[in-house]
Structure formats: C-alpha cells, structure tokens
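These are my notebook entries on a structure that I examined entry by entry. I began with the strands and then turned to the rings, a helix and a few single residues.

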Amino acid sequence: MWATARRRLGAAAAAASLAAFFAVAAAYPVDDERVCPTVKAIRHLRLHDMLGHWYVVQYFASSEELPEYRCMRADLSLSTASASAPGPRVTMNFTYAFSDDPVGERLRGNITWQLPDMLRPAHWRHQEESYQGVYNTYVLDSDYETWALLLHCAEQTGSLRYLSSFILSRTPGLPANVQAYLRDKLTRYAIDLDYMFPMSQDDCDHLVDIEGLMASSPEKRAPPPRPPRPPRKHPMQRSHEGRRRG
C-alpha cells in the first residue's frame, strides 16, 4: 500500500513539475531574432489625427549600441490613391543630424508606406530594395495630441530581423512618466530598453543646411571641413549587422 502511495505521490510531483515548466515556457517564450514579433497595434486608429509634426524623443534600433542621432523631427502626411499607387499612403519626411558630426549638418530623408488593409489603419507597409525586404510599421499607441509610439520591423532570409522603435512627441520634451509608460509597452516585443536611447532636441535650430546653402549661394560651394567618416545609413534604414552580444 505504501509503495503504491509513493508511486502516486511521485507521479503527482512529476506532473506538477511539468506543469510549472510549461507555464514558465509560455510566460517567457524563446525569441526567434530572424522573425518579426506578432504586434498588437492600436485599434481604430484615427489616422488623420496622427498627421503633422512630431519630435522623436527616444529611439531604438537593433543594430546600434550607441546613440547615433540627434534633432530628429518628422512630418507625417497622407496621400490618396492613384493609378500608379493604389490605396492611401502615409509619408514621413524627416530631418536629423549625426550626434558626432562637428559641423552639425541637417540631413533629410523620407519613407512612404502603403496601408495593406484599411480595416487596420495602424499597420503600414513599405517595400524597397534599399530597405532589404518588407518594412512593416505599427502604431502601438497614441493620444494624437501629445505622444505616439511606433514600432518598425523588417525581415530577410538568412539575416536577423531589423527592429526599431520611435517615441514621438508633439513638443521637444515629454514628461518622464509618459516616456516610462511607453517604454514599458515595448518589452513584449523583445526590445532591450538598455538600448532605447534619448534623442537630444537641443541646439537643433543651429544645424547647417549644407545642400540648401550650396544651392542658394554659388560662391559658398565648398562645404565646411569635417573629418572623414565611412558611409552611414539614415535612421529608417536597416543594417545587416545585429548588435554584438557579450
């Protein structure tokens, strides 16, 4: 009788251990860094209220270990469908500078997304060779008047995914408690908050628009001198190289 009881207790203990193991595994699933996470974007996004001017106050990029940019500002606009581009499109025009640029040159970039499903207006998609795959952007949350949270992800066969995120603000600054609230939403998407960097918006009115200066003043065609540096991507472009792991 005691032997039977011990066997039953042993079986019960084993079952409890397995249940605990699977519960932990479900709570902390293994992250496949080649695949974009399943994203829960904001429901019933009021797309027109997302348009206009934004400041990037924090950003994350899975290929970067140090803050590279400052003074990033963006303007979102909406285009209607046309014969060459069916469906509405969202365009972001942005300006920025490299944080280690002694000249402080103002650089420009843009990206245009299509809305693959009008019933899900918080999901935008871009495809272009320079982005090396389909580039999906999601509006995770926004109150439209003050802040917004964007998540971007791109995949390519044989390569790690490229994952990035922006915390946007209608003003150059955002209260610390709001930033903490938005950062907390990113942990479910395998974003390492240690690499979620602040985007300085200081001294941005003194950036040098070298292209515009050279176009408007032929006598000033020589740009200010700067030390040589390797070619660098802009903040919306993916890099093949993932972050080094210690």
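**Entry 1: strands.** I looked up the pairing of strands and found that β3 and β4 pair in the antiparallel sense over eight bridges. Helices (H or I, at least four residues) and strands (E, at least two) are DSSP runs, numbered from the N terminus, and two strands pair if DSSP finds at least two bridges between them. I noted that Y96 has L107 in β4 as its bridge partner. On β2 and β3, I recorded antiparallel pairing over nine bridges. There, S77 has T91 in β3 as its bridge partner.

**Entry 2: basis of the values.** The model is predicted, and I noted that local features need pLDDT of at least 70 and side-chain atom pairs count only at pLDDT 80 or more, while totals for chains, interfaces and linings use all residues. Residues are numbered from 1 along each chain as its sequence is written, and side-chain values use heavy atoms, with hydrogens and water left out.

**Entry 3: burial of β3.** Is β3 largely enclosed or open? I found eight of its ten residues buried, so β3 is largely enclosed by the rest of the structure. Buried means under 20% relative accessible area, exposed over 50%, and partly exposed in between (1.4 Å probe, protein chains only).

**Entry 4: aromatic rings.** A pair of aromatic rings is described by the distance of the centres and the angle of the planes. Rings of Phe, Tyr and Trp (its six-membered ring) pair if their centres lie within 6.5 Å; planes under 30 degrees apart count as stacked, over 60 as edge-to-face and the rest as tilted. By this rule I recorded nine aromatic pairs. For Y69 and F98, the ring centres are 5.5 Å apart and the planes stand at 35°, so this pair is tilted. Y69 belongs to strand β2 (residues 69–79) and F98 to strand β3 (residues 89–98), so the pair ties together parts that are 29 residues apart in sequence. I then checked burial: Y69 is buried at 2% relative accessible area, F98 is buried at 3%, and Y96 is buried at 5%. Ring pairs link Y59, Y69, F94, Y96, F98, Y195 and F197 into a cluster.

**Entry 5: a charge over a ring.** Which residue lies over the face of W54? I found R170 there, at 3.6 Å from the ring centre. A charge sits over a ring if NZ of Lys or CZ of Arg is within 6 Å of the ring centre and within 35 degrees of the ring normal.

**Entry 6: helix α2.** In α2 (residues 176–186), I listed V178, Q179, L182 and L186 as buried. They cover an arc of only 100° around the axis (taken from the directions from the helix axis to the C-beta atoms), which puts them on the same side of α2. The face of α2 turned away from this buried side carries the exposed residues A176, N177 and D184.

**Entry 7: two loop residues.** Q201 lies in the loop between β9 (197–198) and α3 (210–216), and at 10% relative accessibility Q201 is buried. The side chain of Q201 reaches the backbone oxygen of V56 at 2.9 Å. D117 and G87 are 30 residues apart in sequence and 9.1 Å apart in space, C-alpha to C-alpha.

Methods. Polar contact = N/O pair within 3.5 Å; in protein donor to acceptor, adjacent residues only side chain to side chain.
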